[in-house]
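I am opening my notebook on a new structure. I want to look up a few places and write down what I find.

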Amino acid sequence: MLPCVKTGIIKIFNSYRKNPLLPISIGILLISTLIVFIATKETYNAIEMASIWVRNYFGYFYLYLGLGCVLLLVAIALSPLGKIKLGKKNEKPEFTIWAWTAMLYSAGMGAGILLRAVQEPVFMQQNPPYLSDLPSDILALEFTFYQWGFTAWAFYGLFAMTIGYYLFVRKKKVLISSTIEDILHNKAARTGIDVLTIMTTVFGLIAAIGLGTTQINGGLNHLTSSNFGLVTTLLLTTLISSLAFYSAWKGVNKGIQVLSKINILITLAVLFFTFSQSDILKVVGNFLEASFHYIMDFIPMSLAYGNYDPGLTFLTDWTFYYWAFWLAWAPFTGIFIARISKGRSLRQLLLGVLIIPSLGTFFWFSVFGTSAFQLIEGWESYNNEFDGVFSSIFVFFGNYPFATFLNITTIVLLIGFLVTSVDSAVFVLSMFSDKGKKDPSKKHRLIWSLFIFLATIALILLGNAKPEINILIAAQKLLIITSLPFAFFMVFMALVFIKELLRHHKSYPLISKK
């Protein structure tokens, strides 16, 4: 270990003996990582058994929680409570709507839309989730919207709203335990909640890094007709972790904001180039029709009710996994959104988080999904060209002008989005461990960058534990387990926050008269 890293660790541990959050979290993470290194196959088998148990007993709980979050956020946004401002009465937003949107989207989704841009809509078209009178193309887009739309951003929005309120209105620290400290007075219990938050965040983050680096590896293999394997994936992980640390070290304004804007600009360029090369009227028509049906069918889809029930196996492979993933990302993404939302009202925050990124995502999938459908139709026979999660978008661009340039740009984008996700998470984790400070010590950013890197390496090794599994399967099973206790905490946190909002409204009745 580098001397500067070792010295930094010793200083932090000596300085924060009274704040055990960092050593406890790092200790658990180190032990977990060592177990994976030493007993990789045994760890995978244990995770597999636990994930089956969670799926069988709590899978549908994830669905109900997601629907509840969406309805709660819409209700608060449209009520007089939506006028509550995160900050002083006349305070203006710290960031422009453009910078704010770029940062929240880069942190909240980013690489995922590249990973699934083609593969998921095509899979849904070829394997309809349930019987429907809708055309297969529209049903495929509708179900894809469902898994990437309001529910994901509602998980993020719930945390952004709650943390933002306690941070900028109640002037509390940036800690999840701050949201319930008025009710839960036991310090050990509150520390346990913060540790749980950190562990959930770390597991969600390393899953994203593992998936993203594996896709970059797949892109390099496709471009060069090579067979880069595990070593290349590990090198890519090292590169992304290093860049993320540098960005987090520079901070929100100098590092994260700038890189997020660059990511979004490149993404928009790729999107509109693809759109211009597609059947524009067909894309727009599918976008509008699928969006309409998504809104109309949202509640029965969210309950998997009646004809909208795709079955336990399908839900486990797709929706349960997605909901667990969004839950795992909710703490750090929500807190990061809260951190950049000072000066906005709850209504602006909630409607902005729910609507703006969702519509952008819907249009993205409409462009790539519709274009892929038409390619398949032109081929007359489909031989699973778009089945590969880690290669589908590269195969897709092979049918367009400037294919090599587009594929290289996609690889650059994947790296950029992963870096912005990791640097946002490092910044938030550092806020947790540095006593809830809004601008945490750079030493904490160094420590978290290092240990996230080690944990990601462990997950990648876990994904290579058996010939028949890959990183996606390993991540799916791990996230379904680790998100469960946090899902229960979210219910408790939401109930406490609703009570606090009603108390605030009662204390400041003029809100309802404005």
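**Entry 1: helix 12.** I noted that the model is predicted. I looked up helix 12, which runs over residues 280–303 and has 24 residues. From first C-alpha to last, helix 12 reaches 34 Å, close to the 34 Å expected. Where does the kink in helix 12 lie? I found it at Asp297, shortly before the proline Pro300, with a bend of about 65 degrees. I then checked burial. Asp297 and Pro300 are both among the buried residues of helix 12. Others on that list include Val283, Phe287, His293 and Tyr294. Just after helix 12, I saw that Ala304 takes a positive phi of about 50 degrees.

**Entry 2: a surface patch.** I looked up a nonpolar surface patch of about 710 Å². Its residues include Trp98, Leu268, Phe272 and Ile356. Which helices each supply at least two residues of the patch? I wrote down helix 4, helix 11 and helix 15. Ile97 is also part of the patch, and I found it in helix 4. Is Ile97 buried or partly exposed? Its relative accessible area is 49%, so it counts as partly exposed, the class between 20% and 50%.

**Entry 3: Met490.** I found Met490 in helix 20, residues 484–507. Met490 counts as buried because its relative accessibility is 1%, and the cut-off is under 20%. What does Met490 contact, leaving aside neighbours within four places in sequence? I listed Cys69, Phe155, Leu158, Phe159 and Leu327. I also checked Leu65. Met490 and Leu65 are 425 residues apart in sequence, yet 8.8 Å apart in space, C-alpha to C-alpha.

How values were computed
Residues numbered from 1 in each chain as written. Predicted model: local features only at pLDDT ≥ 70, side-chain atom pairs only at ≥ 80, totals over all residues. Heavy atoms only, no water. Helix = DSSP H or I, 4+ residues; strand = E, 2+ residues; numbered from the N terminus. Expected span 1.5 Å × (residues − 1). Bend = angle between axes of the 7 residues up to and from the residue. Buried < 20%, exposed > 50% of the residue type's maximum accessible area, 1.4 Å probe, protein only. Patch = residues over 30% accessible without salt bridge, like charges linked within 9 Å, V, L, I, M, F, W, Y side chains within 5 Å. Areas by Shrake-Rupley, 256 points an atom, 1.4 Å probe, with all protein chains shown as cover. Salt bridge = Lys/Arg side-chain N within 4 Å of Asp/Glu carboxyl O. Contact = heavy atoms within 4.5 Å.
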